[in-house]
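Me: Could you take me through this protein chain in questions and answers, giving the cut-offs behind each term as it comes up?

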Amino acid sequence: MTAEPTATEQGVRARSQHQRRKRIVQAAAALASRGGVEAMQMRTVAERAGVALGTLYRYFPSKMDLVVAVVSEELDLLESSIERRPPRADGPPRRAVEVLMRATRGLMREPELAEALIRSLLLSDVKTDFGDRMTGMMLRAAAGPDAQVAEDDPRRVVARALSSAWTMEMIEMLRGHATAEEIQARLETAAERLLTDF
């Protein structure tokens, strides 16, 4: 009869699994940043992360699950950046746009990765919380970090619409049809009209 693992052993195993998952996501992000979604071949990701292909599929059953995890990792970085340095622009609309423009600048440092992430949002059948998280970051910036905005609050719907507009603007930028300055100007105009009740 085998003994149950101790709490310490379970903690070590959980940390090991977390580190393995993180290595996989980082390997996938590195590949995507050099060649887009096409470069994120599961076998190549597994090799680069130093895990067996079966292990990779245990963590991520499909390529799109992996892409969604990379999106989530990018959002984690953005959220921690915003927590460290909250938007300081004048007025709720400009603070919301500051969140979006920080996301834009972060993504555009790696255009191939940005394109892979945006494409995954548009084409993936895998459920992602991207829209909710972007909306939440904008609401906290616009209304204040301690503000409570209920799920049925109209401000949430409006912030989500602004987030969707930003996604379309990112597509225009990735296609070379818009500059960051043009996107910011359009988003500021939209935010001034949409975020009137903050």
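This is a predicted model: local features need pLDDT of at least 70, side-chain atom pairs count only at pLDDT 80 or more; totals for chains, interfaces and linings use all residues.

Residues are numbered from 1 along each chain as its sequence is written, and side-chain values use heavy atoms, with hydrogens and water left out.

Me: How many helices and how many strands are there in the protein chain?
Reply: Helices (H or I, at least four residues) and strands (E, at least two) are taken as DSSP runs and numbered from the N terminus. From that end on, the elements run α-α-α-α-α-α-α-α-α. The count is therefore nine helices and zero strands.

Me: What percentage of the residues of the protein chain count as buried?
Reply: A residue is buried under 20% relative accessible area, exposed over 50% and partly exposed in between, with a 1.4 Å probe and protein chains only. The C-alpha trace spans about 65 × 40 × 30 Å along its principal axes. Of the 198 residues, the buried share is 41%.

Me: How far apart do the centres of the positive and negative side chains lie?
Reply: Lys and Arg count as positive and Asp and Glu as negative, with His and the chain ends not counted. Each charge is placed at NZ of Lys, CZ of Arg, CG of Asp or CD of Glu. There are 29 positive and 29 negative side chains, and the centres of the two sets are separated by 5 Å.

Me: Which residues does UniProt list for "DNA-binding region"?
Reply: UniProt positions are given in the numbering used here, feature names are shortened, and annotations may be inferred rather than shown by experiment. For "DNA-binding region", the record gives residues 41-60.

Me: Why does the span of helix α7 agree with expectation?
Reply: The expected span of a helix is 1.5 Å times one less than its number of residues. Helix α7 covers residues 130-143, and its 14 residues should therefore span 20 Å. Its end C-alpha atoms agree with this, being apart by 20 Å.

Me: Which helices do the buried residues of α7 pack against?
Reply: Eleven of the 14 residues of α7 are buried, among them Phe130, Met134, Met137 and Leu139. Contact means heavy atoms within 4.5 Å. The partners of these buried residues are α4 (63-84), α5 (92-108), α6 (111-123) and α8 (154-174).

Me: Is Asp132 buried or partly exposed?
Reply: Asp132 has its place in helix α7, and its C-alpha atom is 16 Å from that of Val70, 62 residues away along the chain. Because its relative accessibility is 46%, Asp132 counts as partly exposed.

Me: How many of the 17 residues of α5 are buried?
Reply: The buried residues of α5 include Pro92, Val99, Arg102 and Leu107, and the buried set packs against α4, α6, α7, α8 and α9 (180-194). Helix α5 is largely enclosed by the rest of the structure, because its buried residues number twelve.

Me: Which residues is Ile82 in contact with, leaving aside its neighbours within four places in sequence?
Reply: Ile82 lies in helix α4 and, at 10% relative accessibility, counts as buried. Beyond those sequence neighbours, the contacts of Ile82 are Pro87, Val99, Arg102 and Met137.

Me: Which residues is Glu112 in contact with, once its neighbours within four places in sequence are left aside?
Reply: Glu112 lies in helix α6 and is partly exposed, with a relative accessible area of 35%. Its C-alpha atom is separated by 9.8 Å from that of Ala29, 83 residues apart along the chain. The contacts of Glu112 are Ala32, Ser33, Arg34, Gly35 and Gly36.
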